[in-house]
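Me: I have a protein model open and would like to talk it through. Could we begin with the overall picture and then turn to the interior?

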Amino acid sequence: MFPKALLVRATLNTAAYIAPALAGRAVFHLFVRPAGRPRVKPAEEPLMAAARVGRIRIGGQAGKSGKEAVTYAWGDGRRPVLLVHGWSSRASRLAAFAEALLDRGYSPVAFDAPGHGDAPGRTGNILEYRAIIRELHALHGDFEAVVAHSFGVSAALFALRDGVRARRFVGISGVGSFALLTAWFQGAFGMGDRAMRAMRRHVERRLAPDEPGVWEHLEAAWRPGDLDAPVLLVHDEADGMVPLAHAHVLAEAHAERARLVVTQGLGHRRILNDPQIVAQVVEFVTTERRAVGAVR
């Protein structure tokens, strides 16, 4: 670990004893800061250049202007499909799915969350993802499907259990447990239990004071029956970013209507451009509703 990171860890862990409220805020800002801002890849440029680009402002209250997300839309607006990018990512990473869906006559919709892609800001969080998805649902109507990747899976499920409606759901390399995610963060950054408790209190008191039990609500197993839609889960067995255990959490929570496809050799990111996976996801999205059995 770099000396600066060691200093930050020591400072925050010490502050959790002396000034827990201040420490909780600082740990939270570390937790919600993306690790870099990737650029659009050359293969993604034609599709992104053809998009109708818009902006959504969220979270403005009490004299604050809020944050801004950048939105993208293709097609004629009929049969909208929402694409949700992961953490430290951007909408263009789902270009292969958008192109294939557009060819089938669907209307893909995507966004860059605050702090990601072309959206301004330095931080983002799951509550902001939910707010953006709500706004896009209000604008485009019920989605034919939601296709989400990585952290976007948790964020999309959070929104789908809170009024947003979709006929089908696809989770690719998905974060299925916020408890596992925060445990990873704690281990990766060397945060002590006191510092993590301070962060949780900061979220409960400052970000979600009107949502008692917010941490429980972020879990995939919370009220899975609210998602009345067939579910396709795709995850690589050797995913180095989000372990396969997350997929099993999701599959178990949605067992009656979920199908889990486990791939080999595609990792966390290459899976988004694999022709077979793209074809399988598009076939699932565009096929008429039917019962989906849980298989590995």
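**Overall form and interior**

Reply: This is a predicted model. With 296 residues, a compact globule would have a radius of gyration near 19 Å, and the protein has 19 Å, so the two agree.

Me: What box do the C-alpha atoms fill?

Reply: Along the principal axes, the C-alpha atoms fill a box of roughly 60 × 40 × 35 Å.

Me: And how many helices and strands are there?

Reply: The protein has 11 helices and eight strands.

Me: What percentage of the residues is buried?

Reply: Buried residues account for 53% of the 296 residues. In soluble globular proteins, nonpolar side chains tend to be buried together.

Me: Which residues touch the most other members of the largest nonpolar core?

Reply: That core has 62 residues, and those touching the most other members are Leu82, Val84, Phe111, Val146 and Phe169. Helix 6 (residues 151-160) supplies the largest share of this core, with eight residues. Apart from this core lies another, of 35 residues, including Tyr72, Ala95, Val261 and Val285.

Me: What does Phe111 touch?

Reply: Leaving aside residues up to four places away in sequence, Phe111 touches several residues, among them Val70, Leu82, Val84, Ala91, Tyr129, Ile133 and Leu136.

Me: On contacts in general, what share joins residues 24 or more positions apart?

Reply: Of the contacts with a separation of 6 or more, 73% are between residues 24 or more positions apart.

Me: Changing topic, how many positive and negative side chains are there?

Reply: There are 38 positive and 29 negative side chains, and the centres of the two sets lie 7 Å apart.

Definitions and conventions. Residues numbered from 1 in each chain as written. Predicted model: local features only at pLDDT ≥ 70, side-chain atom pairs only at ≥ 80, totals over all residues. Heavy atoms only, no water. Core = buried A, V, L, I, M, F, W, Y, C linked by side-chain atoms within 4.5 Å. Buried < 20%, exposed > 50% of the residue type's maximum accessible area, 1.4 Å probe, protein only. Helix = DSSP H or I, 4+ residues; strand = E, 2+ residues; numbered from the N terminus. Contact = heavy atoms within 4.5 Å. Rg over C-alpha atoms; globule rule 2.2 N^0.38 Å. Lys, Arg positive; Asp, Glu negative; His and termini not counted. Charge placed at Lys NZ, Arg CZ, Asp CG, Glu CD.
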